[in-house]
Amino acid sequence: MALWSYDHKWQVFGACLSLLVLCAWLASSLRVDNSFEAYFDHDDEVYSAYLKFRDDFGSDEVSFILYEVPDREYGPFDLRAMMQIAHLTNALQEEVPFVYQVSSLANAEIVEGDEGGLEIISWQRDFPEDQYALLAFRDELMSKTIYLDGFVSRDRRHGAIIIDMDRSSVDPIEDIRLNPNGGDELDNLYPQVSFDKIEEILKRSEYEGIRFWHSGDVALNSEMNRALKHDSQKLGAMSFILIALLLLILFQFRILGVLGPLLIVTCSVMCTVAFMAVMDWHWDMMAMMIPTMIFAIGVAASVHVLSEFWFYYEKSGNRREAIRETLYLVGPPCLLTSLTTAAGFMVMSISPIKAISHMGWAVPIGVIASFILSVTLLMFFLSFGKDNQRKSRHPFFRHGSEMASSGLLAIADFNIRHRVAVLSVSAGIFLLALLGITRLEVDSNYIEDFSDHMQIKTTTKYIDEVMGGTAGIVYLFDTGVKGGIKDPALLKEIERVQLEAAKHDYLAKKTWSIVDLLKDINKTFHGGDEKYYRIPESRELIAQLLLVYELSGGEELGEYVSTDYSRANLQIRCRNTKTSEFARFNDSMNEYLDNNPISHADMTMTGIGRLWLQLIEHITTSQIKGLMLAFVVISALMCFIFRSVKVGMLTMIPNMTPVFLTFGIMGWSGIDLDYTRLMIATIAIGIAVDDTIHMVTRFQHEYQRFGNYQTALRSTFESVGRALMITTIVLVLGFMVFVSSAMNGTMMFGLLMATTIFLALIGDFFLMPALMMTFKPFGPEFHVDTPRRSISEQVPAVSVAKSS
């Protein structure tokens, strides 16, 4: 394939250029989406329950605006401040795209009794613009527990504006465009357009003197989407530039050594992104990592080909002969490493999380594409220049190359002299890592994914502290009967569950349901008598009270019950915290419900908090299965490659060791395994095995030439060691690019992956030789008078073009 491409270089270049243009056109249709739609399949039971909740009660996405009036005596109940908030409430309702309803202290409903019925009043509509009247309204409102830590803090210092949206990030693309003909860029899509408008309104001069904090689903999703887009552009560019500089230095300023590999990985990335566009996948948090991964991983095949090519070209002075020699020697290992890396990623495709499953298909496309282009398009670049024009290297580079060779031979000699010590130390470190692994915890925290310098993180934490949280859990009660919610027995069961949930104040900060509204209506209907702040005993009275409330102009029932009164929800506002806290809450509530079951309805837990729990459960189980499957698949491939179970299983020891060491470091350092770090194991095995294949393949080849393990080891280090160092440096620095991400999860993933790959090289340079020298898997040593020629030296140089 390489020789044919060399002989038909312009046809190959034209085909690759056409492919690049086509892929670029297809890739332009991808859109950013980091909503739960990017992670869950519609067949998922928990996600289906969430969608059912949305069908009944609309979008549960909100923007939450906390505010403070620091320089006025009555804080949020200052007359001028209240007038500003009333004006702001109207502006948000009228100007923000995709708004369903804006609620604040200015338009909050207060239920009051009058002769023979109820009256629904609000400050904006029914109170005079007078400070004393406003203070009377404040006292009335503070007596309504449903509003405390909702619209106003208990210390009366902070107020809140809640913007309910009529769109969700999981809606079809055509429903979330602001301008139907404006394209699918972030600035024309929900939630970005809503978030930007809210921010613009809050900065207006007419609201001077009020300090705002803006968070909630709209703000968090918008900032996450923007961070992903920024990271994908910045990290890709940084990776490209960094790899270019590395190749320029490592290949001694040979332009072809830089231009060829970079164009190859660029084409590979474009093929991958085009594949994602054809599959109608979206650009989510996992997809953002793909280009940088392919830049780092895909360049390895080119590096091995170029490294061998320059070596043989300097010996022969013939480009075509050097290509033939190179591809006979490193072509099969490069193919095999591409297949094993692809296999390591493809086991991720079994994950029920769509974003991870998509990555499991997308990255192998890029890896295989980079190999194919390395033996086709790279030949186009290697074909330029006249034969027999060998140039002596600059003394600086010659000296550097000699130092590298001396260092590699020193490592080989160290392994020969101290193989027992290497194995003993490796065993001790491995046991220490296993102890660290026992301390690992699988956990995640959405807010902690944001970098500390991002304002949204500080804002959200402050709102959590002041007003009780921006995350939510919902219990959905389904009677299956029209009007079933009006049964007093069921309402008491809802109240019982609500009271139990409120006891878990480490997570649950506020609860509300139809029970709160009904008890308030009942109390008001009976002249404010506290003994009537309870659920009425008869179904008829409940129906009558709810009817009177609606006829009086009450508009909040739709937040708690479905239109036919067959379903109701219990909403629990929670702190944004670790998923383990949500799991603790879920386990405790399940235990309570097992002992005190609900008998009048089917109850389901849903909401964002439940989705996070399901997400971490899916990732944990799928990645454990994926790790086991990756081990089995790659072990089988290694046994097949070397045609020996003994060799195949020996090679897996230094491949698994870096993963165990990294997890051990995480355990001792108190770093949790979250939804990104859990992928390290399966990805690292697929990548780490690449160097092992090159190392052992060359070791086996050199052993067959010399018949002596020590000589074969020295020759292996001298020939392939430099290329392994180059690819490891490229991979380590390629993943270290992630450290500059705006997202902490991505940053930590890159740092841990770089650590694992570095440890993999240490394993291949020390542990692997010690194992080979100890177990002698290729058979007993034999005497050779004259070293055998290399494989390619035994094959006549036949022109593919002429023979065909």
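The questions below go from the whole chain to single residues.

This is a predicted model, in which local features need pLDDT of at least 70, side-chain atom pairs count only at pLDDT 80 or more, and totals for chains, interfaces and linings use all residues. Residues are numbered from 1 along each chain as its sequence is written, and side-chain values use heavy atoms, with hydrogens and water left out.

Q: How do you know what confidence the predictor has in the protein?
A: Look at pLDDT, the predictor's confidence in each residue, from 0 to 100. The mean is 85, and 94% of the residues reach 70 or more. Over residues 790-804, however, the pLDDT is below 50. Beyond near neighbours in sequence, that stretch has 25 contacts in the model. Contact means heavy atoms within 4.5 Å.

Q: What makes up the protein in helices and strands?
A: There are 26 helices and ten strands. Both are DSSP runs, numbered from the N terminus: helices are H or I with at least four residues, strands E with at least two. The C-alpha trace spans about 115 × 55 × 50 Å along its principal axes.

Q: Why is Cys574 called buried?
A: Buried means under 20% relative accessible area, exposed over 50%, and partly exposed in between (1.4 Å probe, protein chains only). Cys574 has 0% relative accessibility, so it counts as buried. Of the 804 residues of the protein, 60% count as buried.

Q: Why is Met736 called partly exposed?
A: Its relative accessibility is 32%, so Met736 falls in the partly exposed class. Met736 lies in helix α24 (residues 709-736). Leaving aside neighbours within four places in sequence, Met736 is in contact with Gly750, Leu751 and Ala754. The C-alpha atoms of Met736 and Ala754 are separated by 6.1 Å, with the two residues 18 apart along the chain.

Q: Is Asn586 buried or exposed, and how do you know?
A: Asn586 has a relative accessible area of 10%, so it is buried. This residue is found in helix α20 (residues 579-595). Beyond four places in sequence, Asn586 is in contact with Met605 and Leu613.

Q: What makes strand β4 largely enclosed by the rest of the structure?
A: Four of the five residues of β4 (residues 117-121) are buried, so the rest of the structure largely encloses the strand.

Q: How do you know that β3 and β4 pair?
A: Two strands pair if DSSP finds at least two bridges between them. Five bridges join β3 (residues 110-114) to β4, and the two run antiparallel.

Q: How do you know how many disulfides the structure has?
A: A disulfide is a pair of cysteine sulfur atoms within 2.5 Å. A search of the whole structure finds zero. Take Cys334: the nearest cysteine sulfur, that of Cys16, is 17 Å away, and Cys334 is in no disulfide. At 1% relative accessibility, Cys334 counts as buried.

Q: What makes a set of residues a nonpolar core?
A: The members are buried Ala, Val, Leu, Ile, Met, Phe, Trp, Tyr and Cys residues joined through side-chain atoms within 4.5 Å. The largest such core has 256 residues, and Leu92, Met293, Phe585, Phe735 and Phe749 touch the most other members. Helix α10 (residues 290-316) gives the largest share, 15 residues. Phe735 is in contact with residues beyond four places in sequence, among them Met293, Ile687 and Phe749.
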